[in-house]
Amino acid sequence: MNKNYIILTILMLVLAVGTIFLNREEEPKQIEPSKLLQEIIQPTRYVTTDQVAKMIIKGDPGLMLVDVRSNSEFEEFSLPNSVNIPLDSLLTGDNLSYFGIPGTQVVFISDDAIKADQCWVLTKRLGLNSTYVMLGGLNKWMETIIDPQQPSDDEPYTVHETYSFRKGAQMYFTGAEAEVGGSKVKVEVRRKEKTTVAAGGC
Amino acid sequence: MGPLIPNGIIGGGWDFVIAILIGVAFGFILEASGFSSSRNLAGVFYGYNFVVLRVFFTALIVAMVGIIYFDFLGWLDLSKIFILPTFLTPMIVGGVIMGFGFIIGGYCPGTSFTGIAIGKLDAVFFTVGLYLGIFAFSLAYPLFEGFFTSGALGNVTLTDVTGIPAHWFALAFTVVALAAFWGTMFIEKRVRKNMKQYKF
């Protein structure tokens, strides 16, 4: 029996058995790059802080806020009912199961819109629909909802309308009272001045 | 990295150049394996020479296992390679016809050209018949068209059809091929013992 044949047979068998142990990482299904690019250049993924605030106040059951900042930042401050999925753990575990549920709208939130945008691209690339990005992130939220600036009188009506909504939202989210001006109201007890003059009768 | 042309690493015009190079290598290997002799080739059907089976099975399992490793190493994207479309019944019938032609003529299409290259008369006749057959089929194509395109399954692989991962097929084919190598060696020995008219 030819020695070479035996060696080659064993070699071939080992190689064939070896294919079973190749650790194949299942690549997630992705959408076409051209389609992704088309989606990226469109601004339709952005929702404004006003829209988000309105949905929270109305208690929209389809709204899901996903905070993509780190855990510690999330602990410090977060929007009500938001879920914390840091950007770097988006694809780990079953975090992806939050997305693409029919009837829900996922809104990504970060300090600005950058991290949220990155998350959006990742989910979009995986073919998950109805994900959005809060335009301007929490910085914008602070600016517009928590501390809205009163527009000047010559601004258009819609601006004033937005302002009054924001003012209302501010009350909702911060518990602030209407037009308190932020300072403590000093309670002054005014005593009734004593009247020294005798009240004259008729 | 691969496949080279679909990934744009080399231009599409190179496919002819590559085809020539692979063709030359293929012809060389066929001739070197003794495939230019119709006795060697037909021997597989009579049990005295299994070189056809060994060479083709070797090529098959090496390519198959190799492709799986190439895919794993990222050298070849298996989702981009061309997969011949499957037409189930026509392929079975075609295989049977091809098998009969192989026994009767002593060549398969590729090997008949290596036979011509070294000046075999039978190979020349076989090739003339081959072209006549192609010509006749082309003329009669409207008759066969319905059958020719029946049972179309598209560009499917065994993995697509059965759901079993490709490496299990690779392992199964390898085991079968290796068993066939050793099994046929014993058959060959027995048959050759009883043959007097043909020297090996």
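Some ground rules. Residues are numbered from 1 along each chain as its sequence is written, while chains are lettered from A and ligands numbered from 1 in the order in which they are written. Since the model is predicted, local features need pLDDT of at least 70 and side-chain atom pairs count only at pLDDT 80 or more, but totals for chains, interfaces and linings use all residues.

Start where the chains meet. Ten residues come from chain B and ten residues from chain A. Contact means that C-beta atoms, placed from the backbone, lie within 7 Å. On the chain B side, helix H3 (51–73) and helix H9 (166–193) each supply at least two residues. Helices are DSSP runs of H or I, at least four residues; strands are runs of E, at least two; both are numbered from the N terminus. H9(B) gives the most, with six residues. By class, that side has eight nonpolar, two polar and no charged residues. Nonpolar covers Ala, Val, Leu, Ile, Met, Phe, Trp, Tyr, Cys and Pro; charged is Asp, Glu, Lys and Arg; the others, Gly among them, are polar.

Now stay on H3 of chain B. Gly66(B) lies there. Is Gly66(B) buried or partly exposed? Partly exposed, because 15 other C-beta atoms lie within 10 Å. The cut-offs: buried is 20 or more, exposed is 12 or fewer, partly exposed is in between. Its C-alpha atom is 9.9 Å from that of Ala170(B), 104 residues apart along the chain.

Next, chain A. The axes of H3 (residues 49–58) and H7 (residues 157–174) come within 11 Å and cross at roughly 50°. Axes are lines fitted to C-alpha atoms over the stretch in contact, with angles from 0 to 180 degrees between N-to-C directions. So H3(A) and H7(A) are oblique. Under 35 degrees is roughly parallel, over 145 roughly antiparallel, 65 to 115 roughly perpendicular, and the rest oblique. Among the residues that meet are Ala53(A) in H3(A) and Phe165(A) in H7(A).

Last, the cores. A nonpolar core joins buried Ala, Val, Leu, Ile, Met, Phe, Trp, Tyr and Cys residues through C-beta atoms within 7 Å. The largest has 25 residues, and Val107(A) is one of those touching the most other members. S4(A) gives the most to this core, with four residues. A second, separate core of eight residues includes Ile61(B), Val65(B), Ala170(B) and Leu171(B).

Definitions and conventions. Contact = placed C-beta atoms within 7 Å.
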